[in-house]
Amino acid sequence: MPAQAKGKTAVNAKTNASSASRPAAKPAAKPGKAAAKPAPKSAARDTAVQGNSRKGKQARGGRAAVAGAAAVGAAAAVAGPTGLEQWTPAKPASTPNAAAPDEARDIAALRQAVAAGDAKAQYALGSRYRFGRGLPQDLSQTVQLYQKSADQGFAPAQSDLGVLYANGRGVVRNDALAAQWYGKAAQQGDGIAQNNLGLMYAEGRGVAKDEARALEWFQRSAESGEATGQYSLGVMLSGGRGTKEDGKAALRWFEKAAEQGLVDAQYNVGMIYAEGVVVPQDLGRAAQWMEKAAKQGNASAQSTLGFLYANGQGVPQDMGRAAQWFERAAKQGYTLAQSNLAAVYASGQGVEKSAEQAYFWLLVAQLKDPSLQSRLQAAQQELKPADRVRVQRKAQQWKPVKES
């Protein structure tokens, strides 16, 4: 899926994917193919579209029962354009006076400029209301101010007004209006709007579905230097959507977006180098990109990195670090990492051996992966009845927490 647009529109493709989990297997001695090719279809949600996962080969070698999809422990690369907004507004100020003195003066100056009809000031003040920066959050004010600015032809306001309509923020969701406003900003060269308009064509939202036109807008966004457009273009090229499939060209655009810090692009680049089909396999480079994505909170990358450390693939073997990455992904609800973390606790490699922790994580994981039932029953036998009940209650109350 195309990824996060930085800046005004706060278009986010950061992925907190749930895993495509499987029963635990022995660590792979050699990595197999990683699915870095996006799925041919996307399914827009509030902001992110997740790819399908493929199963890779497994080989014996090692003691801990660590499983890895596609032999590197992750789901397939993220697939499908996204331009829907995901953002957590700052905690609104209780009153306008809660802003710092300098900020209060800035807001006063913005109000004066707004009263004079300045389009940039209208947009800037609207953004303050939108995110609760120095003012109480008020999306109705945001919409009014963005509308005034957009009507004057200010591209950032047009682009962000499209975002609000696409997500139903402060207005009733209206994909047709979203596409119209994206189009106005896109024609002015706004890279974020170009990416988002491409999404609308890719998904058939507010406009007739047309992947060839989507590709054109993604291309224009990518060439403007917009990371989300670069990622979106990579997805289209990788999946042969609207154009002939071209994995090498896709990788080039993914790398451009990854270098700008786009987390899903970093993950995709890592998977492509781990796969070794589009380019020669390079597990060291794969691990580097996975670590960048993992540090940004991508659960798929965290799980993959844990698997690489568990097997010493592209990095020195280190079960302690493997366990740390499995745990971060597990806490986000990534099923494969949960089952692998359970295996680590059961074996005591890199962590203090704990039958309770092993049982706990298997309880959590088997809710999404019934194939873990036999392992769960075996782990259950390691505990006394009272301990089993206590851990079961803990698991029932557990909820995943996504890394921000």
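Rings of Phe, Tyr and Trp (its six-membered ring) count as a pair when their centres lie within 6.5 Å; planes under 30 degrees apart are stacked, over 60 edge-to-face, and the rest tilted. With that definition, the structure holds five aromatic pairs.

Some housekeeping. This is a predicted model, where local features need pLDDT of at least 70 and side-chain atom pairs count only at pLDDT 80 or more, while totals for chains, interfaces and linings use all residues. Residues are numbered from 1 along each chain as its sequence is written, and side-chain values use heavy atoms, with hydrogens and water left out.

Now the pairs. Phe360 and Trp361 are edge-to-face, at 4.9 Å centre to centre and 80° between the planes. Both residues are buried, meaning under 20% relative accessible area, with exposed over 50% and partly exposed in between (1.4 Å probe, protein chains only).

Trp361 also pairs with Trp398: the centres are 5.7 Å apart and the planes at 80°, so this pair is edge-to-face. Trp361 sits in helix H15 (residues 355-366) and Trp398 in the segment after helix H17 (385-397), 37 residues apart. Helices here are DSSP runs of H or I, at least four residues, numbered from the N terminus. Trp361 has 4% relative accessibility and therefore counts as buried; Trp398, at 23%, counts as partly exposed.

Elsewhere, Tyr123, Tyr146 and Phe154 form one aromatic cluster.

Last, a helix pair. H13 (residues 319-331) and H14 (residues 335-347) pack at about 140°, axes 8 Å apart. Axes are lines fitted to C-alpha atoms over the stretch in contact, and angles run from 0 to 180 degrees between N-to-C directions.

How values were computed
Helices (H or I, at least four residues) and strands (E, at least two) are DSSP runs, numbered from the N terminus.
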